[in-house]
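Subject: Structure handover

Hi,

Here is the structure you will be working with. My notes on what turned up follow below it.

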Amino acid sequence: MLRRWTALLVGAALVLSLFVGMSSAQTRKLTLPDIPNPKVINYPHEVGRFGGVHVRAQLGDPRTFNIRVAQETSSTDILGLVFDGLVEQNYITGEIEPALAESWTVSPDGRTWTFTLRQGLSWHDGKPLTVDDVIFSFDSVFAEGVQTSSRDTLTFDGKPLRYRKLDARRVEFRTEKPIGTFLRVIGTSIIPKHKLADALAKGGAEFNRTWGLNTPPREIVGTGPYTIAEFVAGQRVTLLRNSKYWKVDKAGNRLPYLTRVVYLSVPNLDARRLKFLAGEVDYYPARPREFTEFKAMERQNNFTIYDGPETFSSEFVVLNQNPAGVKPPKLAWFQDVRFRRALNHAVDRNTIANQIYAGRASPAWGPLSVGNKLYYNERLPRYEYNLARAEQLLSEAGYRKGSDGVLRDAQGTIVEFTLSTNAENNDRVSIGNILRQDWSKLGIKVNYAPEAFNTLVGKLTGTFNWDAIIIGLTGGIEPVTGKNVWLSSGSLHMWWPKQEKAATPWEEEINRLFSQAEGEVSQEKRKAFYQRWQQIVAEQVPIHYFSYPKTQPAVRNTMGNVTPIGLQGVIGPIDTLYYKQVLR
């Protein structure tokens, strides 16, 4: 998913014997009147107080309230508080823990997994959550026409995950081979059968439209810590505390603490900054270049900015190689690895790191962040900024720069294409200007046209009508969770998605590497497959990466349980945040 291809720190080890999943967060038995075995959260945090309205700002409105088809963070950041999966990831350790499922077992051959639901779970409308909802949720993943990235991650060697109901609380999953990363991919959101079955029965197209932005909030029910109370287009989404949530703190108090969470819709990053400095929002993911300035303002403005690790998220430009979206001669240019390598030598990563990120960034040569200590490949080929080398590669590929300074291909056609990004993201817009200037030095005519994020996503995942786009993805420790991006059949294989057969030998090799990696129990052995994958991506450059910037979350000092020691610099789950003094 865009800005969302998920996962984070310790890989899930598959033990080929009976294994019972136990939550590292659950250390003593607590009960609730309706849930005999709630999940007890014992992160290094305080017992909070209830009440208050927590406000954040995001770029633009959500695109959908249907978690199954959401692919952009403007939707998923909100919906992640409304829906849950069978398992979830500990935001500090990266370990996979029980969620809606209280435990699981795996067979000795590693091919059969059985999950047991917690008792007493209910949807926001009071209806009980059952195994039938779990079965329906996975049915929706594999239903024809449903536009979901989950299908890619839950398909193994071209064969979909098999599943069946065992009894009132247990569901069984089967795979053709042991899947060492199974717990990393099984956490897809569980959705309510009683609300969505009719839409799915009418077909994928109808289901994809269901729970759009015009849906009455009361119709959208999940099991998460918050319900959707209000959506005002262009202004805000308001979430209300779920009083029947299935998690408790270490004192047995039912989470979450905050009464409301509000996401304000803002037009760009500068507006989000201003909202924070004006005291209108409680949290701001500050940009690297703002770190020093914000550090000087901490005491006066009553907030703290934290010096976090490198993000796992990536920013990059991708060229469209999809015949369904781009026609000759552009298609021939973009499919020519020499052309792509030439452009990569004209990506000035040092200028991007210094001007956009104030030096608080590491140059990116491949798809994994330097922060990924388990799998990062330090030996990738590096495309240093070198316009002379770029011109040499273009000349070897038959391109000629005339006396007029214009680059033409071997047939004499002027090399010209459109570059775009989401206009709301000022940093990406600035990066685009750097790219346009440097690529223009090669004689390429670059038409720069930033546009709305949701429009951009529609082109990437729908019409395929684009040339080059600057965009980003979130990432994680276990790359197979990004199968929707890296498999040639993947729905988010951006440069040419949903290929019936791999278009190139190198894409076919990546397919094989990911198949081998997901079937490998040993994390160390998976590393060899991931290292080779990174090498191929760096050599073939379907994506031109820029930098991996550091994270620097800024948070009001009125907030309690802020623990920015987790992965990717996040400040902690919203369901454990609280106001030290409830003022609003």
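Aromatics come up first. Trp104, Trp113, Phe115, Phe138, Phe142, Tyr163, Phe173 and Phe182 make up one aromatic cluster. Keep in mind that this is a predicted model.

The count of aromatic pairs is 31. Here are two of them. Tyr257 and Tyr578 pair edge-to-face, with 5.9 Å centre to centre and 70° between the planes. This pair links distant parts of the chain, 321 residues apart. Tyr257 sits in the loop between strand 13 and strand 14, and Tyr578 in strand 28 (residues 578-579). Both Tyr257 and Tyr578 are buried.

Tyr375 and Tyr530 are also an edge-to-face pair, at 4.7 Å centre to centre and 75° between the planes. Tyr375 is in the loop between strand 18 (361-363) and helix 12, while Tyr530 is in helix 17, so the pair ties together parts 155 residues apart in sequence. Tyr375 has 1% relative accessibility and counts as buried. Tyr530 is buried too, at 1%.

Next, the backbone. Most residues other than glycine have a negative phi, and most peptide bonds are trans. These are the exceptions I noted.

- Leu255 to Pro256: the peptide bond is cis, with omega near 0°. Pro256 belongs to the loop between strand 13 (247-249) and strand 14 (260-266). Tyr257 of the aromatic pair above lies in the loop between strand 13 and strand 14.
- Pro328 to Pro329: another cis peptide bond, omega about 0°. Pro329 is in the loop between strand 17 (314-319) and helix 9 (330-335).
- Lys498: phi is positive, about 55°, though the residue is not a glycine. Its place is the loop between helix 15 (483-486) and helix 16 (505-518). Lys498 is partly exposed, with a relative accessible area of 46%.
- Val541: phi is positive, about 40°, and again this is not a glycine. Val541 lies in the loop between helix 17 (523-540) and strand 24 (543-545). At 2% relative accessibility, Val541 is buried.

Last, a helix pair. How do helix 10 and helix 12 cross? Their axes come within 8 Å, at roughly 165°. An angle over 145 counts as roughly antiparallel, so helix 10 runs roughly antiparallel to helix 12. The crossing is left-handed. Helix 10 contributes Arg338, Phe339, Arg341, Ala342 and His345 to the contact; helix 12 contributes Leu387, Arg389, Ala390, Leu393, Leu394 and Glu396. By class, that contact has six nonpolar, one polar and four charged residues.

Best wishes

Methods:
Residues numbered from 1 in each chain as written. Predicted model: local features only at pLDDT ≥ 70, side-chain atom pairs only at ≥ 80, totals over all residues. Heavy atoms only, no water. Axes fitted to C-alpha atoms, helices over the stretch in contact; angles between N-to-C directions. Helix = DSSP H or I, 4+ residues; strand = E, 2+ residues; numbered from the N terminus. Parallel < 35°, antiparallel > 145°, perpendicular 65-115°, else oblique. Left-handed = near helix turned anticlockwise from the far one by under 90°. Contact = heavy atoms within 4.5 Å. Nonpolar A, V, L, I, M, F, W, Y, C, P; charged D, E, K, R; others polar. Buried < 20%, exposed > 50% of the residue type's maximum accessible area, 1.4 Å probe, protein only. Phe/Tyr/Trp six-rings, centres within 6.5 Å; stacked < 30°, edge-to-face > 60°.
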